[in-house]
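Begin with the overall layout and then go through the parts.

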Amino acid sequence: MGAGVTEESGRADAEGGIPDPSLSLRGVTHAAGWTLRPAVAADLEALVELRAVVMRPDLERLGRYDEHRVRQRLRDRFAPGETSVVMAGGALAGCVAVRPAGDRQWLEHFYLAPSHQGRGLGSAVLRTLLARTDARGVTVALNVLQGSAARRLYERHGFVTETEDPVDVLMVREPGAGVRTRP
C-alpha cells in the first residue's frame with residue numbers, strides 16, 4: 001500500500017470512547033481494498049487469538065510469553081468503543097485501538113495478522129490515524145516491545161523514543177511529525 005491509498009469516506013463514528021469523533025478510524029473505507037469497522041463485543045475472542053499469534057515471537061524472544069496472560073491482557077483491556085477492526089478482502093486482518101489519556105491519545109492493540117504484515121497495510125492504517133490526530137493537534141503515544149519490527153514502522157511515521165527499559169519502549173509522536181522514507 002503506497003501513496004495511492006486514499007480515503008473514500010470521511011465519516012467518523014460519533015459514538016464510542018474517543019472524545020473527538022474526528023479521531024476515530026471507524027467507518028473509513030480505503031481505495032486499496034481495506035476497511036475499518038467498529039469493534040463489537042463478539043470480536044473479542046478473535047482479536048485475543050490474533051494478539052497471541054502476533055505477540056508470541058517477540059514475547060518468547062524476551063522470555064515473557066505466557067499463553068494465558070497474552071490473551072487475558074486484551075480481554076481485560078478491550079474497549080469496543082475505542083477499537084476498530086481492520087478488514088481486508090472481507091476477512092479479519094487486524095485491529096487498532098485509540099484511547100484518550102490526558103493530553104495524548106494512546107495507540108494500543110495494533111495487530112495485523114502475519115499474512116497481512118509487510119505489505120503496507122500497517123503503514124496505511126497508521127497514516128489514516130495520524131492524519132486525523134495531526135489535524136487536531138494531538139500527540140500520540142504507544143508502547144512497543146524491545147526488538148520488535150513494529151518499532152521501525154513507528155519510527156518511519158515520526159515516532160521517537162521517550163523512555164525505554166529492557167522490555168518496553170515508550171514512543172511518542174508530536175502533531176505534524178513527518179513520515180520518513182525507508183533507507
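The model shown here is predicted. Its chain contains four helices and eight strands. Read from the N terminus, the elements follow the order β-β-α-α-β-β-β-α-β-α-β-β. The chain has 183 residues, and 48% of them are buried. Contacts can also be sorted by separation in sequence: among those between residues at least 6 apart, 58% join residues at least 24 apart.

The next topic is the interior. In soluble globular proteins, nonpolar side chains tend to be buried together. In this chain the largest nonpolar core has 24 residues, and the members that touch the most other members are W34, V86, L107, F110, L126, Y154 and F159. Two or more residues of this core come from each of the strands β2 (34–38), β3 (83–88), β4 (91–101), β5 (104–112), β6 (139–145) and β8 (168–173), and likewise from the helices α3 (121–136) and α4 (150–156). Helix α3 supplies the largest share, six residues. Leaving aside residues up to four places away in sequence, L107 touches V96, A97, V98, L126, L129, V140, A141, L142 and Y154. Another core, of 20 residues, lies apart from the largest one, and its members include A39, V85, M87 and V167.

Now to the helix pair. Two packed helices are described by the angle between their axes and the distance between the axes. Helix α1 covers residues 44–61 and helix α2 residues 67–77; they pack at an angle of about 130°, and their axes are 9 Å apart. Because of that angle, α1 is oblique to α2. The crossing of α1 past α2 is right-handed. On the α1 side, the residues in contact are L44, E45, L47, V48, E49, R51, A52, M55, R56 and L59, and these meet E67, V70, R71, R73, L74 and R75 of α2. By type, the contact of α1 with α2 involves eight nonpolar and eight charged residues, and no polar ones.

One residue remains, and it concerns the backbone. Most residues other than glycine have a negative phi, and most peptide bonds are trans. H109 has a phi near 50°, a positive value in a residue that is not glycine. H109 belongs to strand β5. Is H109 buried or exposed? H109 is buried, because its relative accessible area is 13%, and buried means under 20%.

Notes: Residues are numbered from 1 along each chain as its sequence is written. This is a predicted model: local features need pLDDT of at least 70, side-chain atom pairs count only at pLDDT 80 or more; totals for chains, interfaces and linings use all residues. Side-chain values use heavy atoms; hydrogens and water are left out. A nonpolar core is a set of buried Ala, Val, Leu, Ile, Met, Phe, Trp, Tyr and Cys residues joined through side-chain atoms within 4.5 Å. Buried means under 20% relative accessible area, exposed over 50%, partly exposed in between (1.4 Å probe, protein chains only). Contact means heavy atoms within 4.5 Å. Axes are lines fitted to C-alpha atoms, for helices over the stretch in contact, and angles run from 0 to 180 degrees between N-to-C directions. Angles under 35 degrees count as roughly parallel, over 145 as roughly antiparallel, 65 to 115 as roughly perpendicular and the rest as oblique. A crossing is left-handed if the near helix is turned anticlockwise from the far one by less than a right angle, and right-handed if clockwise. Ala, Val, Leu, Ile, Met, Phe, Trp, Tyr, Cys and Pro count as nonpolar, Asp, Glu, Lys and Arg as charged, and the others, Gly among them, as polar.
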